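Reader: Let's go through this one together. Can you start with how burial is judged?

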Amino acid sequence: MRAEGKMLAKSIVPSRGIFTCSCLLERIKQTENEIVQMFKLASPKDDTPSFGNHPSTRRSMSARKLDERFIRILKIFKWGHDAEKALEVLKLKVDRRLVREVLQVDVEINVKLHFFKWAGKRRHFEHDSTTYMALIHCLEEAKLFGPMWKMIQEMVKSPCVVGPADLSEIVRVLGRAKMVNKALSIFYHIKTRKCKPTASTYNSMILMLMQEGHHEKVHELYNEMCGEGTNCFPDTVTYSALISTFAKLDRNESAIRLFDEMKENGLYPTAKIYTTLLGVFFKIDNVEKALGLVQEMKEKGCAPTVYTYTEMIRGLGSAGRVEEAYSIFLNMINDGCKPDVVLMNNVINILGRRGRLADAVKLFENMESFDCTPNVVTYNTIIKSMFESKSPVSEIVLLYEKMKNNGVNPSSFTYSILIDGFCKKNSLEKALLMLEEMDEKGFPPCPAAYCSLINSLCRAKRYDAAHELFQELKENCGSSSARVYAVMIKHLGKCGRLTEAVDLFDEMKRLGCPPDVYAYNALMSGMVRAGLTDEARSMLRLMEENGCAPDLNSYNIILNGLARAGGPHPAMEMFEKMKGDWKMKPDAVSYNTVLGCLSRAGMFEEAAKLMKEMRSSGLEYDRITYSSILEAVGKVDEDCKLASSSSS
């Protein structure tokens, strides 16, 4: 026994790397005995009842016990000599099935990796695609994307066969890991060396590229797919992905062409494809074609889904055909199609924008009957509609409180709507309270909300408070938005603080915040107000040189300056240039500015001609038009009286 013990020690010690002292040898023998006893099957006792001839049941029960014990060893000893010894005791054959089963065990990822590598070095064993893919999925689950990529490379370089289904799964795995370039690389590598992709493989690639926003590559891959020949023709999945991609890229004609090609090839569009095309037709303002598509869909036996109805209602609402949109919603309910919260939000939004607040609120209150729970978008839509419909502030506040009581957390956009709405209703203190609450909730400063508040404070001549808010926004964000700068510049110009306005404009450029058309217009307006029309015209030229396109308001500001300072001729000259060289169609403000100028100069015949031109352009006379003429007539009459009295 002693000799056997020494031989056993010699055989074990080198592999475990420990000193050959007697106490350790005894412990090694003890450990081995523990492992053997742990895995030794219990002998059936004499009093065990017999269940007849059911050897398969007994074998499966024994295998289950062995499996549980082996798992226990893996969890206690990890992968190493002890677990290896357990395999020997259990006489488990190391094959691919065993490898896959071990990789499914809930143990540390390193244990699985060591076992996988150990199995790969065994004689008469080679990993195949199933064992590689099992480990790749384990590494993906553990978010070890570096080792996962190495394992994919090892799989590709190994002699194992990689089929189209394996390639599709590799592409999906790399796509989920946001490793798009690696997915493309491995796709082409396997395509040229290992297997010929099928339509399903190409679909996996196309869907992965779509999901990660690589839309341009999708069309290139489609052309490759068509060139593969038999067994690789585009199918419904391919066309669905391509049509969706082209729709997102605004390549609407290509999307429509593919839709027609699909039908020519004998494929039937799905509800998703019809819905995508519906969005395309609405986007290009072809409402009748969109409605015809819905009719075709029904005739082909393809039932519209809730997404189809949503697209239809949204498209008709955008086209101003609110009654049709609402009618489709009611028909949908009658047809038994259950709405979701997105569809309900769209219907409420359309009704609210059209001023049908009562209908919107009624639908909002009935959402629960459709098993739809209002979300933050629903409340935002209703609150915005209430402000636009001039609802009392108290009712809006009640709805906001109801929103919070129902467990719906306000978003940054909620606060922006409330602040802007309260500002427009001159409830400035409520708006400031909302800003404070927004800050307490940890939302980042919202430039739109600050813009509304600063604008309202300036209108109330609370310039110091407005400047304080402006500085607060800059401190919290590191800078401010061009729109907020524009508001400050506009009001500084209005109250005669033009130097400060110019300083702010220069600060924008210095801080890397390029002035937009609103900032330029605000400064030009201040210059005109200060009688600096020539400087304003120079600013207009600078604006164009800096690549900021002037809008109609830009020209109207200069036109106003010329009309007030330079008399009718410079104003008329610019007015004609707007219509001709600058291709800028004048609006009522443009006409009223020139009309006032002509009338003040007593050029009533020219004013009358301009009024006819204004009417022929489709513009209606407004209060400003008439008051400009009457004011000028009164001034001319007064001048005539003064002249006659002085001559007498």
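Author: Buried means under 20% relative accessible area, exposed means over 50%, and partly exposed is in between (1.4 Å probe, protein chains only). The areas come from the Shrake-Rupley method with a 1.4 Å probe, and for residues only the protein chains shown count as cover. This is a predicted model: local features need pLDDT of at least 70, side-chain atom pairs count only at pLDDT 80 or more, and totals for chains, interfaces and linings use all residues. Residues are numbered from 1 along each chain as its sequence is written, and side-chain values use heavy atoms, with hydrogens and water left out.

Reader: Is N252 buried or exposed?

Author: N252 is buried, because its relative accessible area is 12%. N252 lies in helix α14, residues 252–264. Helices here are DSSP runs (H or I, at least four residues), strands are runs of E (at least two), and both are numbered from the N terminus.

Reader: Which residues does N252 touch?

Author: F246, A247, V280, K283 and I284, leaving out residues up to four places away in sequence. Contact means heavy atoms within 4.5 Å.

Reader: What does the side chain of K283 meet in a salt bridge?

Author: The side chain of D250, at 2.9 Å, N to O. K283 is in helix α15 (271–283) and D250 in the loop between α13 (236–248) and α14, so the pair links distant parts of the chain, 33 residues apart. A salt bridge is a side-chain nitrogen of Lys or Arg within 4 Å of a carboxyl oxygen of Asp or Glu. K283 counts as partly exposed, at 40% relative accessibility.

Reader: How many salt bridges does the structure hold?

Author: 27.

Reader: Why does the pair E437 and K404 tie together parts that are apart in sequence?

Author: The side chains of E437 and K404 meet in a salt bridge at 3.6 Å, N to O. E437 lies in helix α24 and K404 in helix α22 (393–405), so the pair ties together parts 33 residues apart in sequence. E437 is buried, with a relative accessible area of 16%. K404 counts as partly exposed, at 28%.

Reader: And which residue forms a salt bridge with K579?

Author: E613, with the closest N and O atoms 2.8 Å apart. K579 lies in helix α32 and E613 in helix α34 (604–616), so this pair ties together parts 34 residues apart in sequence. K579 counts as partly exposed at 31% relative accessibility, and so does E613 at 27%. Salt bridges that share partners also join E140, E169, R172 and R176 into one network.

Reader: Switching to the surface. Which residues gather in a patch of negative charge?

Author: E436, D439, E440, D464, E468, E472 and E475. The elements giving two or more residues are α24 (428–440) and α26 (463–477). Patches are made of residues with over 30% relative accessible area and no salt bridge; like charges are joined within 9 Å, nonpolar side chains (Val, Leu, Ile, Met, Phe, Trp, Tyr) within 5 Å. Lys and Arg count as positive, Asp and Glu as negative; His and the chain ends are not counted. The place of a charge is NZ of Lys, CZ of Arg, CG of Asp or CD of Glu.

Reader: Which element gives the most?

Author: α26, with 4 residues. D439 sits in helix α24 and counts as exposed, at 56% relative accessibility.

Reader: Which residues gather in a patch of positive charge?

Author: R459, K461, K490, K494 and R529. R459 lies in helix α25, residues 447–459, and counts as partly exposed at 46%.
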